[in-house]
Amino acid sequence: MKAAKKTKKLIKTIRVDVDKCNGCRACEVICSAFHATPKYSSNNPERSRIRVIHEPLRDIFVPVYAGEYTAAECAGRDKYTIDGKEYDECAFCRAACPSRDLFKEPDSGLPLKCDMCESEPPLEEPMCVKWCLNDALIYEVREEEVEEGEPQAELQIGVESLVDRFGLQKLQDTIARMAVKPPKKA
Ligand code: SF4
Ligand code: SF4
């Protein structure tokens, strides 16, 4: 079998120090504003790629980043017990999945995923890290050798989510419409 090609990759992570989070939700506000179109034109935490999980009577706040989209919900359920307190099933899961509305764009229902605020020119650090005045979010970058991924993988995930939401036929019709070039103006 052919060995997978290795390549160097910058791994960006955000370390979450739950003990420092006071639930101010500045991270949710700035993430949704940064990703608004046009940028900063609105803010709505439901469009944020980070959500701060908290439940009344339970006194910790846990920032959770939007991860991968999944078309099917898990067959089982995770339960977390922290400092003797039990949290709801799926409470800290990062996936946009059919079992709940978290990490879905509220108008279109399309999945949201943290993109580390990729932009041109690149930011020194992600917006949520910059706006977290309590240093609960710590940005770290390291270089790692990884197996070369399939370049189309992300595109495929996006297309799959559109097919799940709108159906293959509707998606095909839309792409066909978009592929037809408008007539040139005289
Ligand atoms: S900005 Fe920082 S302290 Fe405020 S909710 Fe987000 S992670 Fe917690
Ligand atoms: S890194 Fe950027 S995209 Fe990800 S949650 Fe923070 S502000 Fe949002």
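In the predicted model, ligand 2 sits in the second largest cavity. A cavity is a set of points, on a 1 Å grid over the protein atoms alone, where a 1.4 Å probe fits but cannot get out; a molecule sits in one if more than half of its atoms lie within 2 Å of its grid points. The residues around ligand 2 (a heavy atom within 4 Å) are Ile14, Cys31, His35, Arg49, Ile50, Tyr65, Cys114, Asp115, Met116, Cys117, Pro126 and Cys128. By class, this shell holds 9 nonpolar, 1 polar and 2 charged residues, where Ala, Val, Leu, Ile, Met, Phe, Trp, Tyr, Cys and Pro count as nonpolar, Asp, Glu, Lys and Arg as charged, and the others, Gly among them, as polar.

The largest cavity is the space taken by ligand 1. Around ligand 1 are Cys21, Asn22, Gly23, Cys24, Arg25, Ala26, Cys27, Val52, Pro63, Cys132, Asn134 and Leu137. The shell of ligand 1 comprises 8 nonpolar, 3 polar and 1 charged residues.

The protein contains 4 helices and 6 strands, taken as DSSP runs (H or I, at least four residues; E, at least two) numbered from the N terminus. Their order along the sequence is β-α-β-β-β-β-α-β-α-α. Of the 186 residues, 28% are buried, that is, under 20% relative accessible area (1.4 Å probe, protein chains only). Among contacts (heavy atoms within 4.5 Å) with a separation of 6 or more, 65% join residues 24 or more positions apart.

The largest nonpolar core has 13 residues, and those with the most contacts inside it are Ile14, Cys27, Ile50, Tyr65, Cys128 and Leu137. Two or more residues of this core come from each of α1 (26-34), β2 (50-53) and α2 (127-131). Such a core is a set of buried Ala, Val, Leu, Ile, Met, Phe, Trp, Tyr and Cys residues joined through side-chain atoms within 4.5 Å. A second, separate core of 11 residues includes Ile53, Val64, Ala91 and Phe92. Beyond its neighbours within four places in sequence, Cys27 contacts Ser48, Ile50, Val52, Cys128 and Leu137.

Helix α1 is largely enclosed by the rest of the structure, because 8 of its 9 residues are buried. These are Ala26, Cys27, Glu28, Ile30, Cys31, Ser32, Ala33 and Phe34. The elements covering them include β2, α2 and β6 (137-147).

Residues are numbered from 1 along each chain as its sequence is written, and chains are lettered from A and ligands numbered from 1 in the order in which they are written. Local features need pLDDT of at least 70 and side-chain atom pairs count only at pLDDT 80 or more, whereas totals for chains, interfaces and linings use all residues; side-chain values use heavy atoms, with hydrogens and water left out.

Notes:
1 Å grid on protein atoms, 1.4 Å probe; cavity = no way out; pocket = protein on both sides within 12 Å on 5 of 7 lines; lining within 4 Å. Buried < 20%, exposed > 50% of the residue type's maximum accessible area, 1.4 Å probe, protein only.
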